[in-house]
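I opened my notebook and loaded the structure. I wanted to know what the chain is built from and how its parts pack.

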Amino acid sequence: MTPVLFDLLIRSIWETLLMTGASGLISLLAGLPLGLALIATDRGGIAENLWINRLLGAIVNGFRSVPFIILLVALIPVTRLIVGTALGTWAAIVPLAIAATPYYARIAEVSLREVDRGLIEAVRAMGGNRWTIIREVLVPEALPGIVAGFTVTLVTLIGASAMAGAIGAGGLGDLAIRYGYQRFETNVMIAVVIVLIIMVCGIQWLGDRLVARLDHRA
């Protein structure tokens, strides 16, 4: 690999990490509250409201049902409105975050559903309000699952960011398409695949170690 291609590889790795990290953070900050809202407003929840629950569920399912490559193109006007362009790394963060948020919300919802309802009722019996239940019971008890779900979301975002390279988002996907595929640079394609494997394995390893530390049942 020439020095120029190596520099492009390093820059592409940084762009992929930026896209994954920024969109992952947004999905965490938006998806976890959304998952909590789905649990709280469900039947028997701490803030039962089936109309809101069904509305939120429909919105989440609607976004999750659209393939990412289609969502990527459909959100171009929104992306232009937010960042001023539909091309480049920062532009890719918008559809990545919008796609990842409902995905992570469902994962967080599953983890939150596994919390022992006996603990919730015990806090209620002691006079705890909704915020106390969320802060002291739901989130702490579901934290290992929440972290594990976030790890899966980050891994998914790495794949999605590579797909975003197909429309000029930058990153490893763009490098693989422009040089590995269109210019028949096989060594570039191999290098991109190896880097992606290392990224995924590294994130999964770190996530698994953190989950093991947080899981009080272990």
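Entry 1: terms and overview. A helix here is a DSSP run of H or I with at least four residues, and helices are numbered from the N terminus. By that rule I find leucine 17 in helix H1. I also note that this is a predicted model.

I looked up the elements next. The chain has 9 helices and 0 strands. Read from the N terminus, the order is α-α-α-α-α-α-α-α-α. I then checked the dimensions. The C-alpha atoms fill a box of roughly 70 × 40 × 25 Å along the principal axes. The chain has 218 residues, and 43% of them are buried.

Entry 2: H1 and H9. I started with helix H1, residues 3-40, and helix H9, residues 186-214. The two pack at an angle of about 35 degrees, and their axes are 11 Å apart. The crossing of H1 and H9 is right-handed. Which residues make the contact? From H1 I listed Leu5, Leu9, Ile13, Thr16 and Leu17. From H9 I listed Val188, Ala191, Val192, Val195 and Met199. I sorted the contact of H1 with H9 by class: 9 residues are nonpolar, 1 is polar and none is charged.

I went back to leucine 17. Is it buried, exposed or partly exposed? Its relative accessibility is 44%, so leucine 17 counts as partly exposed. I also took a distance from leucine 17 to glutamate 114. They are 97 residues apart along the chain, and their C-alpha atoms are separated by 32 Å.

Threonine 186 is in helix H9. I found a relative accessibility of 53% for threonine 186, so this residue counts as exposed. Threonine 186 and leucine 18 are 168 residues apart along the chain. Their C-alpha atoms are separated by 25 Å.

Entry 3: H4 and H5. Helix H4 covers residues 76-83, and helix H5 covers 89-113. I read an angle of about 125 degrees between H4 and H5, with their axes 9 Å apart. H4 and H5 are therefore oblique to each other. Their crossing is right-handed. On the H4 side I found Thr79, Ile82 and Val83. On the H5 side they meet Trp90, Ala91, Val94 and Pro95. The contact of H4 with H5 has 6 nonpolar residues, 1 polar and no charged ones.

I then checked alanine 74, which is found in helix H3. It is exposed, with a relative accessible area of 52%. Alanine 74 and proline 95 are 21 residues apart in sequence. In space they are 9.1 Å apart, C-alpha to C-alpha.

Entry 4: H6 and H7. The crossing of H6 and H7 is right-handed. H6 brings Leu119, Ile120, Val123 and Arg124 to the contact. H7 brings Thr132, Ile133, Val137, Leu138 and Glu141. The contact of H6 with H7 divides into 6 nonpolar, 1 polar and 2 charged residues.

Entry 5: the cores. I reminded myself of a general point first. In soluble globular proteins, nonpolar side chains tend to be buried together. I looked for the largest nonpolar core in this chain and found 30 residues. Which of them touch the most other members? They are Ile46, Leu96, Leu112 and Leu138. H1, H3, H5, H6 and H7 each supply at least two residues of this core. H7 gives the most, with 11 residues.

Technical notes
Residues are numbered from 1 along each chain as its sequence is written. This is a predicted model: local features need pLDDT of at least 70, side-chain atom pairs count only at pLDDT 80 or more; totals for chains, interfaces and linings use all residues. Side-chain values use heavy atoms; hydrogens and water are left out. A crossing is left-handed if the near helix is turned anticlockwise from the far one by less than a right angle, and right-handed if clockwise. Contact means heavy atoms within 4.5 Å. Ala, Val, Leu, Ile, Met, Phe, Trp, Tyr, Cys and Pro count as nonpolar, Asp, Glu, Lys and Arg as charged, and the others, Gly among them, as polar. A nonpolar core is a set of buried Ala, Val, Leu, Ile, Met, Phe, Trp, Tyr and Cys residues joined through side-chain atoms within 4.5 Å. Buried means under 20% relative accessible area, exposed over 50%, partly exposed in between (1.4 Å probe, protein chains only). Axes are lines fitted to C-alpha atoms, for helices over the stretch in contact, and angles run from 0 to 180 degrees between N-to-C directions. Angles under 35 degrees count as roughly parallel, over 145 as roughly antiparallel, 65 to 115 as roughly perpendicular and the rest as oblique.
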